Amino acid sequence: MAETGIETILQEHPSAGRDSLIPILQEIQEDQGYLSTEAVTRVGEHLNLPASKIYGVATFYNQFRFQPKGKYHITICRGTACHVKGSGNVLDMAMKRLKLEPGQTTRDRLFSLETVACMGACGLAPVVNINGEFYAKITPQKLARIIEQFREEESTNAEG
Amino acid sequence: MLKLKSLDDFRTLQDRLRTGRDSDIPTIVIPAGTCGQASGASDIIRVAKREILAKELTGKVKLRITGCHGFCQIEPSVLIEPARTVYPNVGLKEMARIVEAVAKGEVLTDLLLKDPQTGEQIEKQDDLPFFSKQVRTLLDRNEKVDPIRVYNYLEHGGYSSLVKALDKRNPAWVIEQVKASGLRGRGGAGFPTGLKWEMLAKQPNGREKFLVCNADEGDPGAYMDRSVLEGNPHSIIEGMLIGAYGTGSKHGVIYVRNEYPLAIKHLIIALRQASELSLLGENILGTGFSFDIQIVRGAGAFVCGEETALIRSIEGKMGEPRQRPPFPIQKGIDGKPTAINNVETWANIPVIIDSEAEAFAKTGTKNNSGTKIFSLVGKIRNTGLVEVPMGITIEEIVYDIGGGPSGKAKIKAVQTGGPSGGCIPADKFDLAVDYDSLTEAGSIMGSGGMIVMDENTCMVDVAKYFMNFLKDESCGKCFTCRKGTQRMYEILDDISAGKGTPEHLDLLEELAVVVRDTTMCGLGQTAPNPVLSTLRYFRDEYLEHIENKRCPAGVCRELIHYSINENCVGCQACVKACPEGAITGEKKQPHTIDADKCIKCGACRSVCKFEAVDVT
C-alpha cells in the first residue's frame, strides 16, 4: 500500500489545535507504521508544540511505536483469559525465538513483536494477531511453526 | 437516502418497512463479529452467497449478516429463522448443504449440537442450556439486525423510542423514566444513571453540555461492549440521542478503543446513516432538537476508562486523572458540563423508554434492575457472552449456562471486575451477582468480565499478573500508586519464585491498604483488590509457595519441573510438540526431558494422552 505521507495528513488538519494531536499521531502511525523522529518534529511545527510535549503524550499511550514495523507484525494478547490459558508461555517462546522484546523489530525488518492488554476476542483465547489476521487457541509450538513457515517462505522468495 | 422531516415521516417509513417484511421466508443468519470472522465466518458467508445465487434461491432463502450472538464456542455458527435451528462450527462444505436444506425446509440432524451430558441432539437455539437461562434483552437484538443496514434496525423498532421521547415534548419525562427504571451505570461503579442525568440537566442553561459514551473497554477479559458496538451501533446512537434530549446536551463523543477496528467501522457507517435520515444533526425530525456525535479513538491506556483521564485524552493530553470535585458533571470537556456513561448503559436506554420504567424494573432485583452482560471466559466449557438478570447466582452462570469446567480439573474461582476486581472462591458461588453483593465479597461488578479459573490456575500468579498490568498502566501521578503497585508486584514475583517469607504477606497487606487509601482515582483505589481477595480466600496457596516452595497448580516456573513417568508409551507426540527440542526418545521407548533445555511451557503435558508428564 502506498504511503499517504506526513504532509498530506497534516494538510487534512489545517489550523488544528491540541485536541487533534492524538488523531494526527494515529493517522501517521497507520500510514507509516510508526512515529519517526522527523514525523514528531513536523507535527510539533504544525501544532506549535515542542517535540518533548508530543513525546510525552505519545509515550504515555501504549499504542504508539517508535520503531518501524516488521513485515510480519506479531501481536500477542495478554488479557486475563489468554493469561490463564497460557499466553505467557507463548510470549516467552516468541521473545526467545525472535530475540526481541515487545515493541522491537528484528534487524532484517522481518518480524516485530508487540503485546496488547486485551483484543476482546477472549472466546478464542489464547489469541495472536499477525498483520491483522487472528490466530485462535494458539500454543507455543503452533506459533513456533507459524514463525518457521514465514521464515521459509522468505528464504524461498529470496532464492527464487 | 430519504430525509425525514417530521415524526410522522418517520412513522410512515417505519410502518412501510414493517409491513414490507416477510418474516416467513427462511433466513440464514450468520454472526460475523470479530470473533466470528476470526473463526472463519467470512468464508462461510461467501459460500452461502454463492450457493444462493447458483441454486437460484434468491427470494426464497434470505441471508443476514449480523454481529456476535454470544456463543463464541460454536463459531462460526449459523442460525436459521424463523425455525431457530442452530448449526455449530460450520465448515465450507456444511454451509453449502445447509443452504440446500433451508430451501427445502429440512433440518440436517447430523450437524446439530450434541448435549455433552445426555448426548442428545438439540435443534433449536433457545433449547441449548447456554441460551435457555439467559434473559437476552440487548443481545437478542444482535441476532435481529444487520449492523450496517439502518432500515433493518428501523424495521425492528429502532429509533421509535427516540420518537416516543420527542413526541412527549417534555425532556423531564425522559429523566423521570430513567430514574424510575433504577438503571445503574454498567461500567462498573453502579452510579444511578437517572441521577447523573438530572444533575446534568440542572446545570445552568446556556452552557454547552457534552454526553460521552465510554467505549474504552480496557478490562482485559471483557468484550461485551465490543459486541454491542459491532452488532448494534444504532442502539448506542439512539440511547445518546434520548439522553441528549432529556439533559439538553448539544454534543456527543464516543470514546472507543482503537483495538476494535470493526466496532469503529460500524459506528462510522451508523453515524452517517443516522445523519442522512435526519436522525442526527440540526433540527432532528423537524422538532428543533439538535445533537451531533463525534468519534474519538483511544490510544491504548487503561487509565483512560477513568472519567477525568478520559476527558483529558479527548482534549489531546496525557490521560492523567485529576482530583474530583469538581466532577465532570460540573467541569468536563473544555470545562463544560459532561456526563459519561458506558456502552451497555446507553444500549439500555431505548429499552427503558420503549417498555417504560416499571416494566424494565421488573427484571433483576430491587436495587439492581435490568440485565447485565458478562463475558464468561477462561477454563469453562461454554465460553461466550451471557446476558442474565441481576441477582442470578454465580453458580447458575458457571454451571447451568457455562456448562462447568472445560477439562478434568475442578473450577476453583471466578475473577470479576478486571484488574480492579477480585477472585471469588467456588464455595461462595451461591452469591447473587449484583453491585452490592460482589463488593461485599471483596470483588466488584466491574464492566462484566468473568474469568473462570480451575485447579491448574495459580492464584499467586493471577495476583502477580494483575499487579504487573496495573504497575504498567498506573499513570504515575500518585506516588503511592506508582511505587506501591511496583513494590507489590516485586513481592509477588519473589513469592512466585520461591523467595518469599511469611513477613512478605504482612507487608503486602500493609501496602495494599496504603495504596487504597492514598491514591486519587479508581485505578489506585481498587488496585489492591486482586491481592487482597486472593489473600483472603487462598492464603494457603501463598503459604505453600513460601513455606514448601511449591506451586500446587504447577504454574510458577521457578518452582516446578517437568518429567516423564512410567505411563509413557513412546508415542512421540511430546517430542513433536516441544518447541525447544528438549524431549528425546525412540519410538515405543520411554522418553526423557532435558531439564536444561526445558522452558516449562507445558506443551508436552497438553498433548500427552497417557498422563505421562508430571509437574512437580
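Is Ser87(A) buried or exposed? Ser87(A) is buried, at a relative accessible area of 2%. The views below come from a predicted model.

**Figure 1. Ser87(A) and its surroundings in chain A.** Ser87(A) belongs to helix 6 of chain A, which covers residues 87–98. Because its relative accessible area is 2%, under the 20% limit, Ser87(A) counts as buried. Leaving out residues up to four places away in sequence, Ser87(A) touches Ile76(A), Cys77(A), Arg78(A), Cys82(A) and Pro126(A).

**Figure 2. Chain A as a whole.** Chain A has seven helices and four strands. Along the sequence they follow the pattern α-α-α-α-β-α-α-β-β-β-α. The C-alpha atoms fill a box of roughly 50 × 45 × 25 Å along the principal axes. Of the 160 residues in chain A, 53% count as buried. Take the contacts in chain A between residues at least 6 apart in sequence: 60% of them join residues at least 24 apart.

Figure 3. The side chains of Glu45(A) and Arg42(A) form a salt bridge, 2.7 Å from N to O. Both sit in helix 3 (residues 37–47) of chain A, three residues apart, so about one helical turn separates them. Glu45(A) is exposed, with a relative accessible area of 54%. Arg42(A) is partly exposed, at 24%.

**Figure 4. Where chain B meets chain A.** In chain B, 54 residues are in contact with 41 residues of chain A. The area buried between the two chains is about 3700 Å², and carbon and sulfur atoms give 55% of it. On the chain B side, Arg297(B), Ala299(B) and Tyr465(B) lose the most area to chain A, together 16% of what that side buries. Four salt bridges cross the interface. Arg297(B) forms a salt bridge with Glu30(A), with the closest N and O atoms 2.7 Å apart. Elements giving two or more residues to the chain B side include helix 2 (34–39), helix 14 (307–314) and strand 11 (371–378) of chain B. Helix 19 of chain B gives the most to this side, with five residues. By class, the side has 27 nonpolar, 13 polar and 14 charged residues.

**Figure 5. Val607(B) beside chain A.** Val607(B) lies in helix 26 (residues 603–607) of chain B. Val607(B) is partly exposed, with a relative accessible area of 27%. Beyond residues up to four places away in sequence, Val607(B) touches Gln141(A), Ala573(B), Cys574(B) and Ala577(B). Pro31(B) is 576 residues from Val607(B) in sequence and 31 Å away in space, C-alpha to C-alpha.

**Figure 6. A salt-bridge network in chain B.** Arg64(B), Glu81(B), Arg84(B), Asp126(B), Arg136(B) and Glu143(B) are linked in a network of salt bridges. Within it, Asp126(B) pairs with Arg84(B), the closest N and O atoms being 3.0 Å apart. The pair links distant parts of the chain, 42 residues apart. Asp126(B) is in the loop between strand 6 (121–122) and helix 5 (129–132) of chain B, and Arg84(B) in the loop between strand 3 (78–81) and strand 4 (85–87) of chain B. Asp126(B) is partly exposed, at 38% relative accessibility. Arg84(B) is buried, at 16%.

Conventions: Residues numbered from 1 in each chain as written. Chains lettered and ligands numbered in written order. Predicted model: local features only at pLDDT ≥ 70, side-chain atom pairs only at ≥ 80, totals over all residues. Heavy atoms only, no water. Buried < 20%, exposed > 50% of the residue type's maximum accessible area, 1.4 Å probe, protein only. Contact = heavy atoms within 4.5 Å. Buried area = accessible area lost by both parts, 1.4 Å probe. Nonpolar A, V, L, I, M, F, W, Y, C, P; charged D, E, K, R; others polar.
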